[in-house]
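Hello,

Here is the structure for you to look at.

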Amino acid sequence: PGIPRHTNRLINEKSPYLLQHAHNPVDWYPWGQEAFDKAKRENKVIFLSVGYSTCHWCHVMEEESFKSKEIGEIMNKHFVCIKVDREERPDVDKVYMTFVQATSGGGGWPMSVWLTPDLKPFAGGTYFPPEDRFHRAGFRTVLLRIAEQWEENKDALLESSHRILEALRQTSEIHVQGQGSPPPSKVVMDTCFQQLSRSYDEDYGGFSQAPKFPTPVNLNFLFTYWALHRTTPEGARALQMALHTLKMMAHGGIHDHIGQGFHRYSTDQHWHVPHFEKMLYDQGQLAAVYSRAFQISGDEFFANVACDILLYVSRDLSDQAGGFYSAEDADSCPTTTSEEKREGAFCVWEAKELQALLPDPVEGATEGTTLGDVFMHHYGVKENGNVDPMQDPHEELKGKNVLIAQCSLELTAARFGLEPGRLDALLQECRHRLCTARAQRPRPHLDSKMLAAWNGLMISGFAQAGAALAKQGYVHRAAQAAAFLRTHLFDPDSGRLLRSCYRGKDNSVEQSAVPIQGFLEDYVFVIQALFDLYEASLEQDWLEWALHLQHMQDKLFWDPKGFAYFSSEAGDPSLLLRLKGDQDGAEPTANSVTVTNLLRAACYSGHMDWVEKAGQILAAFSERLQKIPIALPEMARATGIFHHTLKQVVICGDPQGEDTKEMLHCVRSIFSPNKVLMLADGDSAGFLYRQLPFLASLERKDGKATAYLCSNFTCSLPVTSAQELRGMLSP
């Protein structure tokens, strides 16, 4: 007992997802030359399975098919089987997902694709049940059919794969057309606003009926649209849509009210029943968005949610060396004696469980009221569970409750005759007690892989929250993570980023035998993080590293013919297509973010060719931006910033002086999407002065900290009061 019957090559990998499959009876190979050579030598079809370690349906397909001895034998006899962690190799995932979406009309994970020995796809799908059901072919049937077709109609399959690849190559190409000028900013932004407005859910917020994803890119667009249209009805509506969505999400079950942080998405319209995995990229982006909502509204509610997210990440997704882990799973065992995992088991509650944990009578409330009564009313708990059976097809949540704040504090307080302040304290005590109880349950699987790109998004979350909420501890945590990236995910000899590293034995940080080189998204999100960290800390080292990485990104990924950046670098013969992402989804696509990065880089360096590159990216995506900007809200947002030109806010002063600190606090407390902040501290030998000689001409007025608002390196009259500066930054 306890000794696995099977062990395959994945046992030598570092990825938690690949290691989950190391004891399948399938003879899995990692993506690489050994598998490719075997397929060619034996003239076998490659079966490619792509997923990630916190993917619910990936677990289901493993349990049903990949752990089956019979199915394993079929796979080993007829195919060379390759497993890929999509988070390690987004380039491989994107190529074959493009094929699956084009040929089946849908996509998702696990992704199942059959390839010729030269890696060209000819059949594919996502999850397959093990046996035939409901007029749908099972995995066993599909495997046998494809093996038979390869034996009998090999030439037809080869011809088909060649045609498919050529069609994909043509349809996926993004390049500049004609003269190639950026699209008109007003048209793009107005169209994007109108498309979001039409898809907006007036009751519950968000931009679809179900499932509902947080999609921070939509909210960031709306904040920028508001900032550029503050006095118009459209601007007011943009702000209302964003703030209402953020409030409804925070009240909903997608927000973990006991353990903090946000789950990946809601399965229903009301943000109630989530898909329970928690992803690092969501936490990083949402911490930044809630911080911006606080900057704009001044409502502490949003600041508290940002702090809640960062508490979760600091406690549960942080490596002791400073990096951030990738995700927590949706599935876990309900109790320490359970053998079968269930989705959401770590997070849901039975009514009787809550009553037992919260039996205390509440002084001053209606007679006989217990803490449990108050808590259960506020969070929508029902005796028989509060999950709609339609949201629970496998009955994993039957009789359970997903907490959702259904009443305001004022309404719940009135219901029980309490003051809102007292109720708030009571609910906090309840949540603390439940958190302690929940800690006794078996935890979900942790994906302890650390990715450069997602760490970049999380550094931005900490840095932006630290600046907006004036919390220096968050800025320090961001700097600690950036130092981790420089130590573990950067090769100083080549000057290049690496994609991933891993928590090893004894909590050490390990690297693969052959490290995976960074992709475009790694550079883009890390550069954005370093700019955010500079503005929060004013440590010029981060700025210097960001500009170095921007030069390296240009060298590795820029397309000089069609413009914009490829997602992966040239020279990998196993990649059939070099693609450019064209959709902002749960994460923004790299070309969208890099437009703003390039504009910031130009402001900090004086290299105006970066402004030209930003315009060329917008030109390459011009048609899509004008027709369906809702597919690229982050790039649509960037068109506004490109058009309005970034303003350089330069503070001349002693970094330790109270007057300088007051000026800096003023700049950081205002949401102004088209500004960059820099400190001219008088050190003429410093990096910033070497990059921007015009700083030497700026002086403190009357010995006080002085602010200048500069555009294209031409500066306004000096300002010495924070109030005047606030007026200049808030038109």
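C710 and C715 form a disulfide, with their sulfur atoms 2.1 Å apart; a disulfide here is a pair of cysteine sulfur atoms within 2.5 Å. In general terms, a disulfide is a covalent bond between the sulfur atoms of two cysteines. This is a predicted model, where local features need pLDDT of at least 70, side-chain atom pairs count only at pLDDT 80 or more, and totals for chains, interfaces and linings use all residues. Residues are numbered from 1 along each chain as its sequence is written, and side-chain values use heavy atoms, with hydrogens and water left out.

The torsion about the S-S bond of C710 and C715 is about 100°, so this disulfide is right-handed. C710 is buried, at 1% relative accessible area, while C715 is partly exposed at 28%. Buried means under 20% relative accessible area, exposed over 50%, and partly exposed in between (1.4 Å probe, protein chains only).

The whole structure holds two disulfides. In the other, C55 is joined to C58, S to S 2.3 Å. Its torsion is about 80°, so the disulfide of C55 and C58 is right-handed. C55 is buried at 3%, and C58 is buried at 3%.

Lastly, S568 is buried, with a relative accessible area of 4%. Leaving aside neighbours within four places in sequence, S568 is in contact (heavy atoms within 4.5 Å) with D91, F519, F557, L575 and R578.

Regards
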